[in-house]
Amino acid sequence: MKNDQKDTIIPSEPELGARSGMPVRQDEVLTDKIYLLPISDRPFFPSQTLPIIINEKFWLETIERVGRTPQRLVGICLTRQIPEKVPGPDDFSAVGTVARIHHAQKIDGNVHFIAEGIRRFRVSRWISKKQPYLVQVEYLEPPTENKDRVKAYSHAIINTIKELLPLNPIYKEQLRVFLDRFNPDEASPLADFAALLTSAEGSQLQDILETLPLTKRMEKVLLLLRKEIEYAGMQANIRQKVEAQMSDQQKDFFLRQQLKAIQQELGISKDDKTVEVELFKNRLKDLVLSPEAQKRVDEELQKFSFLELGSPEYAVTRNYLDNITALPWGKYSEDKLDLKRARAILDRDHDGLDDVKDRIIEFLAIGVQKGEISGAILLLVGPPGVGKTSVGRSIAEALGRKFYRFSLGGMRDEAEIKGHRRTYIGALPGKFIQAIKDAGTSNPVIMLDEIDKIGASYQGNPASALLEVLDPEQNSEFQDHYLDLRFDLSKVLFICTANQLDTIPPPLLDRMESIHLPGYIAAEKLAITRHHLWPKQLQKAGLKSSQLKISVAAMKRIIDNYAREAGVRGLEKMLGRITRKATVKLLEGKAKKIRIGTEELEAYLGLPLFRKEKRMTGVGVVTGLAWTAMGGATLSVEATKVPTEHRSFKLTGNLGQVMQESAAIAYTYVSANLQMLAAPAGFFDKILVHLHVPEGATPKDGPSAGITMATALLSLARNKKIRRALAMTGELTLTGMILPVGGIREKIVATKRARITELILPEANRRDFEELPDHLRKDLVIHFVSDYPEVAEIVFT
């Protein structure tokens with residue numbers, strides 16, 4: 001045991017016991033120059049005698065100087081809270097208490113002493129503003145007041161203290177100490193003592209210390225006491241409630257333990273561990289585990305039977321057995337291999353998408369021929385809102401399999417795919433094992449949404465972890481980190497969805513069969529609205545078809561003027577806005593039945609978001625086609641000239657690097673072949689050519705606008721404009737060859753939407769066009785070209 005080092009600074013006084021904190025004699029003369037010590041939490045009162053601990057490093061010299069004075073008096077003032085800093089003169093309160101120091105000792109870096117409060121003082125002048133602080137003071141006495149009034153306040157304080165005593169035994173002990181030192185009839189000490197009984201903040205107590213008139217001081221003290229009674233009462237109530245609740249819980253616990261012991265003695269009950277073991281064994285009866293899994297389960301059950309309930313390993317083992325026995329080992333749902341039924345479900349749930357449905361039927365036909373649908377990985381690619389997720393649900397329903405969907409968007413931890421190892425607290429299996437567990441069969445349809453938006457971080461790359469899952473040659477022995485067992489995923493049908501293929505890693509894309517879902521044309525959107533979206537909105541609003549009707553013309557107007565995106569989400573939102581506003585009118589009694597035609601649309605949806613596009617025409621203006629993640633789009637290109645001394649070329653329109661290179665190639669090719677293209681030779685020699693792609697706030701990139709830009713430049717050079725609705729797409733080389741481009745289907749849809757009937761496409765894209773369904777190819781005039789002179793002949797003929 002360590003002995004505290006003690007060094008006496010001021011020896012004890014035998015008279016302290018006799019005085020026992022009695023107030024100073026009235027005829028005793030107090031010096032008007034005293035040293036100051038700080039106190040930070042609560043002010044020191046004249047009625048107090050307390051032990052005080054103060055830092056030796058900062059205040060030892062002050063204590064020693066006080067010890068050399070005959071009266072050993074020191075001023076104690078409340079200071080502001082300043083962590084690890086010596087308070088300065090501005091931090092001391094102006095009013096404090098003069099106290100006599102007794103038994104000052106140094107102990108472990110601090111000075112311990114007993115302070116005997118004597119009288120209030122106010123600092124009138126600072127003699128020394130450096131440590132040790134020396135000040136000149138004036139001593140404060142309460143003014144003379146009406147004795148009866150003071151006595152009445154004293155009795156009020158005493159009665160309030162009596163109310164406080166039963167609430168906390170500490171108050172009784174403090175009152176006994178006070179009565180040993182003072183007479184209850186002494187009003188000033190009584191008021192100070194009553195203030196000290198409270199848990200008021202230091203600033204409130206300092207206000208009491210600075211208040212000299214007794215009646216005013218007692219009023220403030222009574223207010224603090226009343227608050228203390230309320231606070232102490234609340235504490236007592238809380239304590240009683242907690243004790244009562246604890247006693248009830250203890251009673252319930254003991255009774256339950258006794259009941260459990262009696263039931264076990266009579267053989268009518270089992271302990272928790274036995275019940276858990278029987279539950280796991282009952283689950284295993286209907287499962288067909290692999291030899292490896294059966295061996296692991298037997299080992300874990302044996303270990304589990306020896307573990308104590310309070311052991312940390314108990315919960316870990318129990319959770320492991322719960323997960324492993326909840327998996328459908330050897331359980332498979334029977335596939336419904338009926339192609340007519342499958343097509344009927346696809347037609348019921350989706351309008352349009354005929355080529356997509358044909359691909360799915362072809363896929364199912366192989367399963368019918370084999371007698372089973374083995375595990376496969378499909379990738380549905382298309383713009384948002386074209387029905388990728390709902391197609392997956394329809395496939396699951398057509399097969400009669402369970403459907404489970406989860407999103408990969410933003411996933412950054414490979415443990416989400418392959419699980420956490422059991423060594424970690426709160427470890428769980430990966431998403432695929434959880435999907436199998438929730439589905440209850442080993443061959444569900446699992447949809448992996450937003451596979452193109454998967455992320456990566458320092459915790460691993462989930463896309464790499466998916467390589468094992470989505471490989472038919474490997475997933476028959478998929479090993480989850482949590483289970484640490486091989487589980488067969490080869491019978492699972494995986495359906496992935498994506499908006500674009502660019503962000504999917506090539507090794508992962510190679511394992512999937514892609515099915516493209518293009519955007520819808522206006523006719524398909526109209527059919528979807530009539531058969532699916534409008535009935536769905538009526539049902540969601542709780543309306544009958546007789547209460548709210550919308551004309552086919554109004555539906556077409558919404559599609560053309562308010563929802564031109566590739567999918568139907570925007571269209572569905574517009575229909576939802578109509579049903580909400582109509583519901584308000586019906587409930588307010590403004591109408592019993594509502595019919596919505598084209599004239600009423602603006603009242604429900606506001607001004608159209610899209611106006612009828614006026615095709616840009618003129619010299620140097622050509623319409624091109626572009627592909628975006630939202631689907632296809634038309635793209636105008638403008639070219640104009642400005643006379644200059646030297647030839648130059650300027651590009652605007654927020655163009656990406658590839659598109660800028662396409663523009664440079666087009667400019668070079670046309671400049672080099674002006675005569676061959678029937679344009680004036682040297683046309684570009686003394687002009688600045690400005691090529692612009694409108695909607696400059698939208699970033700644009702890609703090589704497919706090469707022939708469009710070249711045609712705009714040629715139109716400028718020949719001073720001839722294109723007089724018919726014509727659009728084109730294709731990549732141009734410096735030798736004039738036209739290379740194939742992607743997104744033909746989406747671009748054809750955009751052409752239909754813009755009501756353009758004539759197209760120029762690369763010859764190498766003929767196959768892509770021929771594979772399109774008839775309704776997309778209908779009413780279109782297509783020119784397939786291999787080199788640019790063919791384009792010039794078609795455009796300017």
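Is Met246 buried, partly exposed or exposed? The first legend takes up this residue, after two notes that apply to every view. The model is predicted, so that local features need pLDDT of at least 70 and side-chain atom pairs count only at pLDDT 80 or more, while totals for chains, interfaces and linings use all residues. Residues are numbered from 1 along each chain as its sequence is written, and side-chain values use heavy atoms, with hydrogens and water left out.

**View A. A nonpolar surface patch that includes Met246.** Met246 is partly exposed, with a relative accessible area of 44%, where buried means under 20%, exposed over 50% and partly exposed in between (1.4 Å probe, protein chains only). Met246 lies in helix α7 (residues 214–266); helices (H or I, at least four residues) and strands (E, at least two) are DSSP runs, numbered from the N terminus. Together with Ile238 and Val242, Met246 makes a nonpolar patch of about 270 Å². Patches are made of residues with over 30% relative accessible area and no salt bridge, like charges being joined within 9 Å and nonpolar side chains (Val, Leu, Ile, Met, Phe, Trp, Tyr) within 5 Å; accessible areas come from the Shrake-Rupley method with a 1.4 Å probe, and for residues only the protein chains shown count as cover.

**View B. The largest nonpolar core, around Ile558 and Ile578.** This core has 52 residues, and Ile558 and Ile578 are those with the most contacts inside it; a nonpolar core is a set of buried Ala, Val, Leu, Ile, Met, Phe, Trp, Tyr and Cys residues joined through side-chain atoms within 4.5 Å. Helix α20 (residues 569–587) gives the largest share of the core, six residues. Leaving aside residues up to four places away in sequence, Ile558 touches Ile550, Ala563, Leu571, Met574, Leu575, Ile578, Leu601 and Leu605, contact meaning heavy atoms within 4.5 Å.

**View C. A salt bridge between Lys536 and Glu572.** The side chains of these residues meet at 3.0 Å, N to O, a salt bridge being a side-chain nitrogen of Lys or Arg within 4 Å of a carboxyl oxygen of Asp or Glu. The pair links distant parts of the chain, with Lys536 in helix α18 (residues 522–541) and Glu572 in helix α20, 36 residues apart. Lys536 counts as partly exposed at 41% relative accessibility, whereas Glu572 is buried, with a relative accessible area of 18%.

**View D. A salt bridge between Arg80 and Asp91.** The side chains meet at 2.2 Å, N to O. Both residues lie in the loop between β4 (73–78) and β5 (95–107), so the pair ties together parts that are eleven residues apart in sequence. Arg80 is exposed, with a relative accessible area of 54%, whereas Asp91 counts as buried at 10% relative accessibility.

**View E. Helix α24 (residues 744–753) and the residue Arg755.** Eight of the ten residues of this helix are buried, so helix α24 is largely enclosed by the rest of the structure. Just after α24, Arg755 takes a positive phi of about 60°.

**View F. Parallel strands β19 (residues 648–652) and β20.** Five bridges join the two strands, where strands pair if DSSP finds at least two bridges between them.
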